[in-house]
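Please look through the sequence and the structure before reading on.

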Amino acid sequence: MRNLDIKLENSRLIYRSKLTIPSHINFGLELELDKVDYDEVRELVRREVNGSFDVKVDKSLTNGQNAEIVTPVLRNNKQTWILLKRLGELLERLNPDYNLCSFQVNFDGSLLPRIEDRARFLKLYAMYEDIIYRFSLGEDSEFRDSIETYAYPIILMLKGINHHSDRSIVDMFSNHKRYGICFKDKNDLIEFRSPNMSSNPVMWQNYVTAFYYLVELAASKKYDMKKVDEYIDHFYKSYILENYALEKRDKAEEFCDLIFKKSDDQISFMHQYLKK
């Protein structure tokens with residue numbers, strides 16, 4: 001812990017030209033903006049970022065005053081991160097209201113090809129969901145107002161069906177909008193829906209990195225599934241969101257040791273998790 005403290009004190013979050021995830025991995029981002037002029041956002045994204053970025057209306061946000069930016073399929077290369085840095089700078093200028101908004105990361109479902117892979121992934125996610133949610137607050141200290149409708153934790157629902165069939169578990173978290181993680185049959189996607197939105201592309205890089213390595217770990221099966229099941233079976237917390245906002249440093253370090261291969265990724269995660 002002392003060594004980690006020294007590294008945190010002597011480093012800071014920076015925007016990277018390329019991440020440590022494999023360069024062939026496909027991913028996409030969805031960014032919700034509220035209380036903005038849709039036509040202005042669409043034109044500025046086309047002109048200043050890239051014409052292949054789609055801008056849609058989000059029906060869950062303020063009627064007539066919102067936009068959802070959907071990236072094309074991206075890969076981990078310098079050009080991708082140049083474009084996303086431009087997008088972050090544009091959002092800073094636009095200064096949207098994020099009180100009801102989320103940031104989403106999508107990965108190709110082929111990373112978890114079998115039903116049993118997806119069920120195991122959901123359980124692993126649930127075990128560290130409290131760590132993931134505090135990390136996903138980004139620069140904020142509180143969860144957005146609409147989290148109970150559009151990005152609610154899965155742990156309590158999963159606890160009730162933990163020993164059902166893998167198919168039943170996966171179906172429960174497919175094609176919905178309520179939970180923070182789901183599988184989308186259309187285009188076969190794994191969708192991470194963060195509790196909060198941020199204009200900071202450094203946060204976006206951290207999300208992509210952490211979520212990818214969590215999926216990779218689940219597919220590898222290099223973790224103790226018995227321990228995961230026991231955690232879910234014995235989970236009990238009232239005021240779950242308040243609990244998830246609390247700092248749990250030891251568990252966060254355990255999570256980092258489990259999913260990351262590079263110390264720089266661990267440090268970036270802990271900076272964001274501890275908000276240092």
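Apart from residues up to four places away in sequence, Asp145 touches Asn99 and Leu100, where contact means heavy atoms within 4.5 Å. The side chains of Asp145 and Asn99 are also joined by a polar contact of 2.6 Å; such a contact is a pair of N or O atoms within 3.5 Å, and within protein one atom must be able to donate a hydrogen and the other to accept it, while residues adjacent in sequence count only if both atoms are side-chain atoms. Asp145 is found in the loop between helix 5 and helix 6 (147-150), helices being DSSP runs of H or I with at least four residues and strands runs of E with at least two, numbered from the N terminus. With a relative accessible area of 57%, Asp145 is exposed, given that buried means under 20%, exposed over 50% and partly exposed in between (1.4 Å probe, protein chains only). Its C-alpha atom is separated by 23 Å from that of Tyr236, which lies 91 residues away along the chain.

The model is predicted, so local features need pLDDT of at least 70 and side-chain atom pairs count only at pLDDT 80 or more, whereas totals for chains, interfaces and linings use all residues. Residues are numbered from 1 along each chain as its sequence is written, and side-chain values use heavy atoms, with hydrogens and water left out.

Ser194, in the loop between strand 6 (189-193) and helix 9 (201-220), counts as buried at 1% relative accessibility. Its side chain reaches the backbone oxygen of Phe103 at 2.9 Å, and, leaving aside neighbours within four places in sequence, Ser194 is in contact with Ser102, Phe103, Ser136, Arg144 and Ala151.

A search of the whole structure finds 24 aromatic pairs, counted where ring centres of Phe, Tyr and Trp (its six-membered ring) lie within 6.5 Å, with planes under 30 degrees apart taken as stacked, over 60 as edge-to-face and the rest as tilted. Two of the pairs are set out here.

| Pair | Centre to centre | Angle of planes | Class |
|---|---|---|---|
| Tyr133 and Tyr244 | 5.6 Å | 70° | edge-to-face |
| Tyr213 and Phe260 | 6.0 Å | 80° | edge-to-face |

Because Tyr133 lies in helix 5 (residues 129-135) and Tyr244 in helix 11 (residues 240-244), their pair ties together parts that are 111 residues apart in sequence; both tyrosines are buried. Tyr213 lies in helix 9 and Phe260 in the loop between helix 12 (249-259) and helix 13 (263-274), so this pair ties together parts that are 47 residues apart in sequence, and Tyr213 and Phe260 are buried as well.

Helix 4 (residues 115-127) has 13 residues that should span 18 Å at 1.5 Å a residue, which agrees with the 19 Å between its end C-alpha atoms; the expected span is 1.5 Å times one less than the number of residues.

Leaving aside neighbours within four places in sequence, Leu91 is in contact with residues including Leu31, Ile69 and Trp204.
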